[in-house]
Structure formats: structure tokens, C-alpha cells
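Dear colleague,

Here is the structure we talked about. My notes follow it.

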Amino acid sequence: MTQHTNARSTSTNTTPSGLGRRSFLGGAAAAGMTGAAFGTPAHAAGVRTGTRGRGGRFRGKSVLITGATSGIGRATAIAFAAEGAHVGFCGRRAESGRAVEREIRDAGGEATYIQADVRVADQVQRFVDRVASTYGGIDVAFNNAGVGSGKLPHEMSVEEWDNVQATNARGVFLAIKYEVPHMLRAGGGVIICTSSSAAEQARPNGAAYTASKRAVQGVVKAAALAYGTKGIRVNALLPGTTDTPFVRPPGIADGDWATYKPAFGRLNIDGLERMAEAGEIARAVLGLASDDFPYMTGSSVAVDGGSTAGRKMIHPGAP
Ligand SMILES: NC(=O)c1ccc[n+]([C@@H]2O[C@H](COP(=O)([O-])OP(=O)(O)OC[C@H]3O[C@@H](n4cnc5c(N)ncnc54)[C@H](OP(=O)(O)O)[C@@H]3O)[C@@H](O)[C@H]2O)c1
């Protein structure tokens, strides 16, 4: 890890009726509100693997990621490693975590999976401290772990509400709480937290999710103010609907998904009229973590293909 200077980054609704699958992305999944294991090969996620022959904007940098056992986090871990970073990441699913770690190492990169649940303070602290001790500090933190939920307020259990807030909002707070001391000691760092386009665009069944992702924006703004003069930049990333296990219905056949996915984009996403690939979101994360945005902090950066600029909105069918 290198010394930081101030202001541095690091030198570091409408469901296609023919498919008859209204629940696929009905509100919940469209904003990334479901979740199930569904392995996506790196190439299919728009991710380039391997470090050999690459420039390496992050060569030797220590990068921490929460929630990289699948989806956006996994794609970002692969992308950072491909640019020379040493990546420490967590998630609850050990088998998936070890698979991502192996994938990165097999491609010539450096990564360590550490099992941790972002809802549990001492697990987050242990994870953060272990990444810092393994890789010599923390240059970049991508606080990304999240879960969805798609229920109308009167149908949602109190436990589900609490779980969404504990993961998405409290989890980001805990990560920042334990990351910042390492960055202060080093004189700076970059923190990026995953919010969502759903923070800006509520849906009838999105109360818990939208509230949690707005909370992320709030934590980010406060942290940006708290640590700006200490060389730590903090920004929120707002992905739009992205093809990850979060939005894919569990067990859907690849062929059905290949039909459904473009139709969903055309009907529900203004602007680019398609979902993002996880690798496209990862590239935005790397950009924000790079030296290219030294004056950006406290911002909410939408990478959503234009969906929040437009008017279309996935409507789950409120009563
Ligand atoms: N896909 C979208 O359309 C979309 C849109 C906007 C925002 N987002 C946000 O993007 C982030 C990543 O989602 P994704 O689309 O990549 O979905 P995903 O493939 O389901 O990934 C979610 C990640 O979060 C981890 N996670 C969940 N709960 C956790 C916990 N308690 N402790 C530790 N890790 C936990 C999961 O790991 P384990 O299951 O192994 O714990 C997994 O690695 C989330 O914050 C999501 O809200 C997604």
C-alpha cells in the first residue's frame, strides 16, 4: 500500500406477457431485490479476467469488497485483480467465495476470500482488519453487499424490514466504521458504497429497499464531509437493473432468460433500453476508485442506462 496524499484516490412495468412470468422482475427484482445463487461465467458478465499483460491502474493496491461472492461484487473483484490489485472480499457463502478466489488466482491475480456477514459487527471488524493485515492496509473499499425485498408495506414482516436495513444500511455503516481507521493511519483512501437507482425511484413494493439505499446515500454524504480533509473520498454508486443473481429468477433456464432479458429492457428501462452487465458496473467502480476523479466526494453516481432520467417504471401491481 502506498502513502496517500489529500484528495488522492489511490495511486492508487411491464412484463413481457408472452412469457407469463410476471414475478421475474416485478418490482423487486427489477431494482435488484431478489437473490439466489446463479453462477454467471466471467465472460458472460462482461468481465475480463487475468492480470497478465495489463496496465494495472491498481497494481499492488489493497482493495476490500463486501459481497463479492456473486454479481456486481464478483465482477468488481475480478476487474480490480485484473488491474493488479490485491483483493480481499467477503460474503456468507464460503463455496462461492472460494470459487471467486480460485478464479482470480487461476487468472494470475491476487485475492483472498474471508467469510463474513456484514450484519454482524465483530465479523465485519475481523474481515476488515484481516484484509488490512494481509495486504498492508486498505487503499480502496467497495461496500457492496446487499439484499432485496419486494413487498408492499402491509405485507412485509418486521423481520424482513429489519434484515434489509441491517444488511444494506447498517452493513455499510459497519464497513465504513472499521475501514476508516486504517485509511486515516495511511493518510487517505477511497470508499465506494453501492446504493441503487431505486434510491431515486421508489416502487410500491420497494419501501424497505429504497429506504435502505437512501440510507446508504446519507451515510456516504456524512462520511464524505467527515473525512474529506483526511484524504478519504466517499461516493455512492447507483446501479440500475443489472444482470446478476439478484434479478434472475432462481433456476430459470438460460434460454428463457435470453428471451426475457432484452424484452424486459425494452419495456422497462428508458435510455439504453437494456439491463447492465455486472462488468459494466464494475468498470464504473474502478473509475471512481482511480485517480481520475480526485475532486469527487459525497456524490451519488447513477450508472443506470438512463432509467432514472426517464419515466418508465417497473410496476409490480400495487393494490
Ligand atoms: N442487480 C441489480 O439490478 C442491482 C441494482 C441496483 C443495486 N444493486 C445492488 O448491488 C449490490 C450487489 O448486488 P448484485 O446485483 O451483485 O446481487 P448478488 O449477486 O445477489 O450479490 C449480492 C452480494 O451481497 C452479498 N451479501 C448479501 N447479504 C450479505 C451479508 N449479510 N453479509 C455479507 N454479504 C452479503 C452476497 O453474498 P452472500 O450471499 O454469499 O452472503 C453477494 O455476494 C447490492 O447492494 C444490490 O442492492 C443491484
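Helix α3 (residues 121-135) lies across β1 (62-66), β2 (86-89) and β3, at about 160 degrees to β1. Helix α4 (158-186) lies across β1, β4, β5 and β6 (232-239) and runs at about 175 degrees to β5. Contact here means heavy atoms within 4.5 Å; axes are lines fitted to C-alpha atoms, for helices over the stretch in contact, with angles from 0 to 180 degrees between N-to-C directions. Helices (H or I, at least four residues) and strands (E, at least two) are DSSP runs, numbered from the N terminus.

This is a predicted model: local features need pLDDT of at least 70, side-chain atom pairs count only at pLDDT 80 or more, and totals for chains, interfaces and linings use all residues. Residues are numbered from 1 along each chain as its sequence is written, and side-chain values use heavy atoms, without hydrogens and water.

The strands form an open, parallel sheet of seven in the order β3-β2-β1-β4-β5-β6-β9; strands pair if DSSP finds at least two bridges between them. β3 (110-113) and β9 (300-303) are at the edges with a single partner strand each, so one side of each has no neighbour in the sheet. The twist averages 20 degrees from one strand to the next. β4 (140-143) and β5 (189-194) pair over four bridges, and valine 140 has valine 190 in β5 as its bridge partner.

As for the ligand, one of its nitrogen atoms is 2.8 Å from a side-chain N or O atom of aspartate 117.

Regards

Notes. Polar contact = N/O pair within 3.5 Å; in protein donor to acceptor, adjacent residues only side chain to side chain.
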